[in-house]
Amino acid sequence: MPLSAMPLLTGDAGPTSVGRSARFWNRVARKYAAAPIADLPGYERTLDQVRPWLGPEHTVLEIGCGTGATALRLAPASGHWLATDVSPEMIAIARERLHAQPTPQLAFAVADAGAALAPPAAFDRVLAFNVLHLVDDLAQTLAAAARALRPGGLLISKTPCVAELNPLITRLAIPLARAVGKAPPVLVFSEADLRRALDRSGLCTLTVERHGTRGKDMRVFIVARKEGDSPSTAPPTA
């Protein structure tokens, strides 16, 4: 299937689709793209854990792809990869990177993670890295991901569980940073909260890990399966 035929109902978002979160990320996109990865060993471990779940037969949707760095690393392991983000400026940078590093399987589009992005059951994998705590509505976003997945398909996510941080950060530092425009809206939930939300969306947790290498790691890596059977969702083998 050519990239032009990949299942997606929404094209680039127009001005009415760009809310507060998109405006924030548009403003910081270039600075974000230039910043180094805070925990590179933890990031590389996550990529290593994701690859065995991908194959050339899989059509992948990534939500909250940012400037496309992860998509460019992982897309060659898939059949077709559509990476989306709510920020047009982030997607512009991602497309610049794709132009410099052509990857036939990969395309980028502006889209809201909580929207119905595709016909039901259009994708084998939905990936969400460091984005679920930044969406407007967690339940709506997980429902959209579940809708996009084929029966037996996988949601693969890595998510900061902000509720596990020091309460002074969640109750004081984050609200202050938001008030001065230095942080986007952030959802505060724990790993247990996230797993319950996945269950309510019809996504059964298969594996839970922590990949950080710098002290207490509040980013939880979860692979969850949509109810239904598919031969493509067998766990990776050693």
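**Entry 1: Ala29 and its neighbours**

Leaving aside residues up to four places away in sequence, Ala29 touches Thr67, Glu89, Met90 and Ile93; contact here means heavy atoms within 4.5 Å. Ala29 sits in helix H1. I take helices (H or I, at least four residues) and strands (E, at least two) as DSSP runs, numbered from the N terminus. Ala29 is buried, at a relative accessible area of 0%. For the record, buried means under 20% relative accessible area, exposed over 50%, and partly exposed in between (1.4 Å probe, protein chains only). I also checked a C-alpha pair: Ala29 and Ser87 lie 58 residues apart in sequence and 8.4 Å apart in space.

**Entry 2: ground rules and confidence**

I number residues from 1 along each chain as its sequence is written, and side-chain values use heavy atoms, with hydrogens and water left out. As this is a predicted model, local features need pLDDT of at least 70 and side-chain atom pairs count only at pLDDT 80 or more, while totals for chains, interfaces and linings use all residues.

The pLDDT is the predictor's confidence in each residue, from 0 to 100. Its average over the protein chain is 86, and 81% of the residues score at least 70. Where pLDDT is low, the predicted coordinates should not be read in detail.

**Entry 3: H1 against H4**

How do H1 and H4 pack, and at what angle? Helix H1 (residues 20–34) and helix H4 (residues 88–100) pack at about 35°, and their axes are 7 Å apart. The axes are lines fitted to C-alpha atoms, for helices over the stretch in contact, and the angles run from 0 to 180 degrees between N-to-C directions. From H1, I noted Trp25, Asn26, Ala29, Arg30, Tyr32 and Ala33; they meet Pro88, Glu89, Met90, Ile93, Glu96 and Arg97 in H4. By class, this contact has seven nonpolar, one polar and four charged residues. The classes go like this: Ala, Val, Leu, Ile, Met, Phe, Trp, Tyr, Cys and Pro are nonpolar, Asp, Glu, Lys and Arg are charged, and the others, Gly among them, are polar.

**Entry 4: a closer look at H4**

H4 has 13 residues and reaches 19 Å from its first C-alpha to its last, close to the 18 Å expected at 1.5 Å a residue. That expected span is 1.5 Å times one less than the number of residues.

Which residues of H4 are buried? I found Met90, Ile91, Ile93, Ala94 and Leu98. Down the axis of H4 these buried residues fall within an arc of 160°, so they line one face of the helix. The arc is that of the directions from the helix axis to the C-beta atoms. As background, an α-helix has 3.6 residues a turn, so residues three or four places apart point the same way. His99 and Ala100 are exposed, on the face of H4 turned away from its buried side. The cover over the buried residues of H4 includes H1, helix H3 (69–74), strand S2 (80–85) and strand S3 (106–110).

Leu74 is in helix H3 and buried, with a relative accessible area of 0%. Not counting residues up to four places away in sequence, Leu74 touches Leu47, Val50, Arg51, Leu54, Trp81, Leu127 and Phe129. One of these, Arg51, is 23 residues from Leu74 in sequence and 7.0 Å away, C-alpha to C-alpha.

Ala113 is in the loop between S3 and S4. Ala113 is buried, at 11% relative accessible area. With the same exclusion of residues up to four places away in sequence, Ala113 touches Ile63, Val135, Thr141 and Ala144.

Thr159 is in strand S5 (residues 149–160), buried at 0% relative accessibility. Its contacts, again not counting residues up to four places away in sequence, include Leu132, Phe189 and Val220.

**Entry 5: positive phi**

Which way does phi go at Ala121, positive or negative? I found a positive phi of about 55°, although Ala121 is not a glycine. Ala121 is in the loop between S3 and strand S4 (123–129), and is partly exposed at 29%.

Asn130 also has a positive phi of about 55° without being a glycine. Asn130 lies in the loop between S4 and helix H5 (138–148), partly exposed at 31% relative accessibility.

**Entry 6: the whole chain**

I listed seven helices and seven strands in the protein chain. Along the sequence, the pattern is α-α-β-α-β-α-β-β-α-β-α-α-β-β. Of the 238 residues, 50% are buried.
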